[in-house]
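Visitor: Please take a close look at a single part of this model, the sheet and how its strands pair. Then set the helix packing beside it.

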Amino acid sequence: MRCGVQALTVLSLLALSAGAAGADAVLEGRTLRFEDGSRLLGSRTYPGALGELTGPVTLEGSTYLGVGPVVYALDGEGRVQARYDLPGEVTGLDASGGTLRVSTRGEDYTERFTLGDPRGGGRVQERVVFPPDPEVTGWLARAAELVLPGDLARAAQEDPTNAFLALREALEAARRGDTFASLNAVRRSLGGELPFPAWVSLAAGLDAAGFPAAADLALDRARRDAAARGIDPEVSVSRASLFAYGNPSGYVGTLLSQGRLGRAEAWLRYLRDLHPRFEGGPALYARYAALLDAQGRGGEAEEWRQFTRSLRAGTLYNLGAEGPRVVRDALRLVTLALLVSLGAALLTLTLRAWRAQGEDTRPLGGRWASWARHPLSRARRSVVTYASFGERLGLLALAAGLLTSLAGWQWANTTAARLRAPALNIGTYGGGWFAARLNDLDLRPVPDTALLTGLAAQLDGDAAAARARLARAPGNACALNNLGVIAQERGDLPGAREGYRAAFAARPDLAAAAYNLGLPPGTPGTVFQRTYRPGEPRLCYPDDRSLARALGGDLSVTLMRDLRRPLSLLAPGPGQSARLGWALLAALAGLLALALLLLLPRPPGAARMGRPGPYRLAALLLPGSGLLEGAWGGVLLLAWGVALAGLAPLTGALRPPTFLDPAQPSVRTALLALLAGTYALNLAAFVAAEVGHARRGREQ
């Protein structure tokens with residue numbers, strides 16, 4: 001009897017499996033139906049808000065359907081076997097080669113991927129880099145929100161891979177007071193595979209629902225998935241990218257506003273581990289440290305401040321995340337000081353030469369009409385030509401400094417804008433979205449560009465392309481380290497260690513090379529590597545100086561390019577100002593004019609200029625302007641200009657620099673002391689000059 005029952009059971013299972021194997025998948029509108037002849041085995045309907053449907057395609061008993069940016073693998077009755085998360089909307093499924101190939105479409109690029117066996121968990125064989133697009137990274141949460149409350153249980157049963165459906169079930173059970181069902185749903189939400197942006201969103205939902213331990217576990221899963229996808233702490237993350245990756249910084253702000261410092265610390269630790277260089281990070285770290293101080297936890301607060309200071313390494317001139325802004329403010333201050341100094345010097349020289357110039361230009365038709373009648377003779381009798389050779393050199397030096405500071409100001413603006421390029425601020429390099437945006441940056445053909453593009457190819461798994469590109473950066477320590485990583489991955493350990501040693505010898509502060517040689521550097525990148533990518537060699541990532549050289553060059557390169565092509569200053573570009581471009585052209589023209597006047601001899605009337613009263617008054621009120629004959633006069637004039645430029649924001653007409661706010665008592669006192677010192681020194685020099693002038697008059 002038992003044998004007969006077993007035989008009947010086996011025959012029934014064979015019949016069911018045969019029916020399932022012979023099921024046809026038919027897509028009608030947005031409903032996928034599984035039919036065995038006239039018998040309906042199952043069906044699923046996908047709302048239009050989920051995106052376009054692609055397929056279905058059947059391969060080895062599984063049916064694949066593209067829904068927006070994901071591909072579902074379904075069995076013969078429509079149950080989900082696996083889900084494949086992709087970086088763009090699916091546009092094609094191809095099973096002609098015995099494996100399933102998927103095409104995805106971005107805004108202006110396409111990518112192709114190979115899907116693994118759904119029984120292995122639904123792996124994409126190639127590297128998937130998610131773009132900072134919430135429509136892609138937030139698709140799973142949005143799909144769960146579209147399910148009506150009455151259909152929630154059925155939807156969760158049909159798609160056990162969507163953790164957000166289980167989270168909704170947990171919330172519903174908690175509202176009913178069913179603690180066991182709620183905890184069971186939380187356990188199911190943590191049981192699948194998710195991309196790291198979805199893990200972060202799930203962690204926020206679990207935290208808000210009162211499951212902090214589950215939220216911490218979800219954050220740990222997010223770290224591990226991000227590490228596997230090539231996300232690295234050394235790469236900056238913009239606010240837009242972080243929003244697409246689950247918006248952890250926004251949730252930290254919410255927790256701090258609610259006074260939940262314990263939960264805020266868990267989320268800040270996640271950011272510190274994975275995205276320490278996120279946009280707005282220093283301000284958020286400082287806010288958390290201030291709240292810790294208010295609770296009497298000064299030691300912890302200082303630890304966070306020290307961590308924030310450590311992030312300055314590798315930034316532009318090691319000034320931190322606001323490095324370009326600090327450079328811009330400093331050069332703006334220098335520009336104003338040079339303008340004031342140059343204006344004071346020209347005014348003083350004009351007052352001294354005014355009478356002699358009028359007498360010399362009278363035979364030519366007058367001070368102004370002579371420009372039209374005798375332009376060359378009038379140019380020789382300009383105010384500057386009455387000055388001595390030393391004074392002209394001082395004016396030329398001030399004009400050259402003004403041109404350099406204006407060029408630096410423009411360079412700081414441009415570099416800041418280019419460093420904020422979306423392609424460079426997604427937490428990693430590589431992938432189709434990165435490559436499409438990188439082409440818009442107009443990278444210079446320098447070793448730093450080869451390092452960046454080679455690193456992107458290396459992260460994407462294309463070792464041949466990476467090696468070819470890195471070879472175009474000979475002697476670059478970062479490139480040498482990454483070539484050593486390629487050698488280690490292909491089994492050449494002696495060659496790898498040779499590359500690491502060469503990189504470490506070229507740059508003893510290179511943490512990646514030190515890590516690969518077995519030394520224990522404690523940077524965020526090496527700590528993350530040791531924890532979440534153990535046993536793997538450490539790649540070297542370009543710092544901000546390297547990226548700036550690839551994007552536009554250092555200040556010297558920019559200045560030489562502007563001098564060769566001055567009209568390019570007026571061309572629109574990232575971060576460039578048309579008014580600043582016109583100012584640069586004017587400064588360049590003024591510098592050339594002063595250089596030309598330096599070669600002209602002094603007019604005959606220069607010997608009878610003397611020291612008229614207006615000149616003496618200007619020399620007394622404008623420190624250093626009457627002492628340009630010597631080098632110390634120029635220094636005194638520039639120090640006076642710096643003091644005035646630093647105090648100028650007190651008038652309300654200018655914004656104070658980030659590093660020098662005269663509203664602070666200590667800064668204001670120092671600037672006023674500098675101003676008073678310049679007047680004291682100038683008074684002593686003025687008295688000495690008057691005494692010397694009187695002595696020479698008596699001798700004559």
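Guide: In this predicted model, strand β2 (residues 31-36) pairs with β1 in the antiparallel sense, over five bridges. One of the residue pairs is Leu27 with Leu32, the latter being the bridge partner in β2. The sheet is open and has three strands, in the order β1-β2-β3, with antiparallel pairing. β1 (24-28) and β3 (39-45) are the edge strands; each has a single partner strand, so one side of each lacks a neighbour in the sheet. From one strand to the next the twist averages 25 degrees.

Turning to the helices, α7 (residues 196-208) and α8 (residues 212-228) have axes that come within 8 Å and cross at roughly 170 degrees. The two are therefore roughly antiparallel to each other. On the α7 side the contact includes Phe196, Trp199 and Leu206, which meet a set in α8 that includes Pro212, Leu219 and Arg221. By class, this contact of α7 with α8 has twelve nonpolar and three charged residues, and no polar ones.

Helix α29 (residues 631-647) packs with helix α30 (residues 665-699) at an angle of about 150 degrees, the axes being 9 Å apart. That angle makes α29 roughly antiparallel to α30, and the crossing of α29 and α30 is left-handed. Among the residues in contact are Leu636, Trp640 and Gly646 of α29 and Arg668, Thr678, Tyr679 and Asn682 of α30. By class, the contact of α29 with α30 has twelve nonpolar, three polar and one charged residues.

Key. Residues numbered from 1 in each chain as written. Predicted model: local features only at pLDDT ≥ 70, side-chain atom pairs only at ≥ 80, totals over all residues. Heavy atoms only, no water. Axes fitted to C-alpha atoms, helices over the stretch in contact; angles between N-to-C directions. Helix = DSSP H or I, 4+ residues; strand = E, 2+ residues; numbered from the N terminus. Parallel < 35°, antiparallel > 145°, perpendicular 65-115°, else oblique. Contact = heavy atoms within 4.5 Å. Nonpolar A, V, L, I, M, F, W, Y, C, P; charged D, E, K, R; others polar. Pairing = 2+ DSSP bridges. Left-handed = near helix turned anticlockwise from the far one by under 90°.
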